[in-house]
Amino acid sequence: KPVVRYLGTFTLEKNSNRVHKVTLPNYIGSIRVMVVAENEKRYGKVDKSVLVKSPISTLVTLPRKLNVNETISLPVDVFVMNEGIKNVDVTLEADTDFFEIIKNKETLHFSEEGEQIAQLELKSKNKIGKGKVTVIAKSGTETSKKTVYIDIQPSNLPTYTSLQKKLKPEEEIKFEYKPHGVHGTNKTIIEVLYGTGIRVSE
């Protein structure tokens with residue numbers, strides 16, 4: 001994602017200088033720093049490209065949506081930009097309400113700066129909603145963390161089941177309720193018919 005930060009305005013005395021510290025989001029790459037100055041309606045500007053890098057960074061590839069009960073492989077690109085880093089542990093954490101983790105860890109070994117891919121695996125459960133997946137790459141005190149949210153959706157069109165019973169006067173009946181379909185999408189409707197249909201609950 002593009003990184004945009006605005007700071008200012010600031011007043012600077014003649015022949016003085018000031019240091020500004022800027023906190024960036026999870027970003028690796030080149031950014032451009034631009035300064036615009038004004039003095040008594042006279043203007044000037046300057047810009048400079050700056051390379052932003054981290055000893056360890058990750059790129060997580062995930063689909064935007066998953067079907068219920070779907071198993072996927074999760075490739076994680078790990079970039080090492082420090083020759084002192086030799087081993088990187090890549091671990092997977094996921095919302096247990098929506099996911100079952102099949103493979104949650106892999107260790108990568110680096111002999112020099114570069115890129116390697118860890119292969120993790122998880123499966124969506126039989127529940128719809130938005131689940132959180134977090135990938136952590138760590139080596140010693142250096143850590144990179146990436147969180148992604150995925151929509152879990154039904155894999156089939158809506159289906160219906162019905163159960164009917166005709167009652168005699170003063171007769172009672174009990175129905176055994178068994179939820180049908182994917183959790184979070186199902187509902188039960190009870191209708192009583194006497195001449196015309198009357199929906200008494202939902």
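Which residues form a nonpolar patch on the surface? The patch consists of Val-33, Val-35, Val-46 and Val-50, which together have about 300 Å² of accessible area (Shrake-Rupley method, 1.4 Å probe, with only the protein chains shown counting as cover for residues). Patch residues have over 30% relative accessible area and no salt bridge, like charges being joined within 9 Å and nonpolar side chains (Val, Leu, Ile, Met, Phe, Trp, Tyr) within 5 Å. The model is predicted: local features need pLDDT of at least 70 and side-chain atom pairs pLDDT 80 or more, whereas totals for chains, interfaces and linings use all residues. Residues are numbered from 1 along each chain as its sequence is written, and side-chain values use heavy atoms, without hydrogens and water.

Strands E1 (29–39) and E2 (42–52) each supply at least two patch residues (strands are DSSP runs of E, at least two residues, numbered from the N terminus). Val-46, in E2, is exposed, with a relative accessible area of 54% (exposed, over 50%; buried, under 20%).

Val-90 touches Val-76, Val-78 and Leu-120, among others (contact, heavy atoms within 4.5 Å).

Asp-77 also lies in E5 (residues 71–80). Asp-77 is buried yet has no salt bridge (side-chain nitrogen of Lys or Arg within 4 Å of a carboxyl oxygen of Asp or Glu). The nearest side chain of opposite charge, Lys-146, is 12 Å away (Lys and Arg count as positive, Asp and Glu as negative; His and the chain ends are not counted). Residues touching Asp-77 include Ser-57, Thr-61 and Glu-115.

How values were computed: Helices (H or I, at least four residues) and strands (E, at least two) are DSSP runs, numbered from the N terminus. Buried means under 20% relative accessible area, exposed over 50%, partly exposed in between (1.4 Å probe, protein chains only). Lists of a residue's contacts leave out its neighbours within four places in sequence.
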